[in-house]
Each structure stands twice: as structure tokens, then as C-alpha cells.
Amino acid sequence: MAEEKESTSIPLSQGDGCEDPEDPAKSPPNSPNSSTRKACYAVLQSWVSKKFMTGCVVLFPVAVTFFVTWWFIQFVDSFFSPIYARLGIDIFGLGFVTSLVFVFFVGIFVSSWMGATVFWLGEWFIKRMPFVRHIYSASKQISAAISPDQNTTAFKEVAIIRHPRVGEYAFGFITSSVVLQRDNGDEELCSVYVPTNHLYIGDIFLVNSKEIIRPNLSVREGIEIIVSGGMTMPQLISPHERIPRQGDRIPLNRII
């Protein structure tokens with residue numbers, strides 16, 4: 001009985017034909033063909049993923065441009081296409097062309113004295129409406145900023161201010177100026193609009209006019225930078241000299 005107990009106490013690892021597959025000393029060595037196959041697979045995978053990402057980078061702006069253009073054409077075409085559909089005329093793009101011609105003639109009409117009067121009456125009526133007037137005023141400010149008539153631009157200049165902390169700057173537009181009356185003297189402040197959500201929503205800061213950096217960028221270039229998320233930002237920005245206004249003190253060294 002003692003011999004049987006001793007014989008059953010032998011570990012299983014010492015039995016015949018039982019090997020530990022996780023032991024690296026006892027596992028069979030990898031063949032050269034398998035190592036070469038894995039290396040080729042890794043190179044092929046890296047090459048395919050790189051070319052796929054390159055294709056995505058190239059096609060993404062094309063797809064976005066095509067989608068936005070197609071949506072815009074359909075949106076503008078929908079204004080006059082129902083009229084042509086009732087007349088039995090089914091030509092795609094005819095409503096789009098009609099809309100462009102209509103906008104062109106509206107611009108000609110508003111440029112005249114009679115058109116300006118009609119537009120002023122319509123604007124006066126809209127500004128008397130309780131909720132619509134706020135939407136109209138905000139949209140008019142944005143449209144005036146990109147208007148070809150530079151005398152009525154809502155954005156006067158492109159500005160760079162120190163915000164929100166030291167060493168960081170914010171990109172904005174100067175919309176107006178105000179004089180702050182204080183006990184120790186008057187201080188000229190500029191109202192700087194800093195967009196936080198593209199161009200429609202932002203914050204307004206009153207900054208001392210001497211602390212504003214005025215870069216050599218036009219208002220349209222500034223709008224392109226904001227809309228593109230900074231991707232059209234030039235590599236080099238240099239501030240231009242401020243044009244003195246009436247009442248500003250000019251240093252003697254500039255006169256000499």
C-alpha cells in the first residue's frame with residue numbers, strides 16, 4: 001500500500017509526453033519563414049494604412065466642397081423651381097439661375113433712390129417686431145462686415161489682444177471706440193469682438209487702444225481666418241502703424 005501511494009504522488013509535469021507549452025526553453029523555435037512572413041505583413045499593413053489616409057486627406061476637402069455646393073444649389077433652386085413645376089417646366093438648375101438673376105436685380109433696385117426708400121420702410125417695420133429684430137440686427141452686422149461698401153463695415157479693423165492670460169492672444173475685430181471718463185483722466189477704449197463659435201457668436205472686450213495689436217490684415221482676411229479655424233493664418237504677421245485721428249497727439253520725433 002505504501003508503494004502505491006508513493007507511485008501516485010509523482011507530479012504530472014514529470015509524466016511522459018507532458019510538456020509546458022508556455023515554457024520558452026521547451027517551445028519549438030520560430031522558423032525563418034514565419035519571421036519573414038510577419039515582417040512582410042507589417043510592412044504591407046503600414047503601407048496600406050498610409051495610402052488609405054493619404055486618400056482620405058485628398059478626398060475629404062473635395063467631398064465637403066461637393067456636398068456644400070450641391071446643398072447650396074438645391075437650396076437656392078428650391079425658391080423658383082416650384083413655380084416652374086406648376087408651369088410644366090422641369091429643367092434642373094433653372095430655378096438656381098433665376099435666383100441669381102433675381103438677387104442681381106435686387107441689388108440694382110436697392111442701389112437706386114426708390115429701392116433704398118422701400119428697403120428703409122421694410123427695415124423700419126422689421127425693427128418694430130419684438131423677436132425678429134434681434135435676429136435681423138445680428139445678421140445685418142455680419143453681412144455689413146463683408147459688404148463691398150467699405151464705408152459701412154461693422155468690423156473696422158482686425159485686432160489681436162492679450163487674452164485670456166499672459167502669453168496668450170485672441171484674434172478679433174474692432175467694432176467701435178468709446179471714451180471712458182475717469183478721475184485721473186479720460187481713457188480711450190476699443191470694443192473688440194472676439195468670435196468663439198465661427199463668426200456668429202462671440203465675446204466683446206473693452207481694451208485700451210494702446211494695448212491692441214493691429215496686424216497687416218484686411219477684414220476679409222480676418223474673416224477667412226476665423227471661418228477656416230486658423231488654417232489660412234499667414235506664417236508672418238507684422239503690426240502696421242496706427243493712422244492718427246483728429247485730436248491725437250503726434251510725437252515730435254515723427255514731425256522732425
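**Close-up views of a predicted model**

At 19% relative accessibility, Glu187 falls in the buried class, since buried means under 20% relative accessible area.

**View 1. The salt bridge between Glu187 and Arg182.** Glu187 pairs here with Arg182 in a salt bridge whose closest N and O atoms are 2.9 Å apart. Side chains of opposite charge can pair when their charged atoms come close. The structure holds two salt bridges, and the next view turns to the one made by Arg214 and Glu157.

**View 2. The salt bridge between Arg214 and Glu157.** In this pair, the closest N and O atoms of Arg214 and Glu157 are 3.4 Å apart. Arg214 counts as buried, with a relative accessibility of 6%, and Glu157 is partly exposed, with a relative accessible area of 25%.

View 3. Phe102, Val103, Val106, Phe109, Val110, Trp113, Met114, Val118 and Phe119 make a nonpolar surface patch of about 920 Å². The elements that give two or more residues to this patch are α3 (94-111) and α4 (113-126), and α3 gives the most, with five residues. One of the patch members is Val118, which has its place in helix α4 and is partly exposed, with a relative accessible area of 46%.

**View 4. The protein chain as a whole.** The secondary structure of the protein chain comes to seven helices and four strands, which follow one another along the sequence in the pattern α-α-α-α-α-β-β-β-β-α-α. Of the 256 residues in the chain, 20% are buried, and the accessible surface comes to about 20900 Å², with 64% of that surface belonging to carbon and sulfur atoms. Among contacts between residues at least 6 apart in sequence, 34% join residues at least 24 apart.

Technical notes: Residues numbered from 1 in each chain as written. Predicted model: local features only at pLDDT ≥ 70, side-chain atom pairs only at ≥ 80, totals over all residues. Heavy atoms only, no water. Patch = residues over 30% accessible without salt bridge, like charges linked within 9 Å, V, L, I, M, F, W, Y side chains within 5 Å. Areas by Shrake-Rupley, 256 points an atom, 1.4 Å probe, with all protein chains shown as cover. Salt bridge = Lys/Arg side-chain N within 4 Å of Asp/Glu carboxyl O. Buried < 20%, exposed > 50% of the residue type's maximum accessible area, 1.4 Å probe, protein only. Contact = heavy atoms within 4.5 Å.
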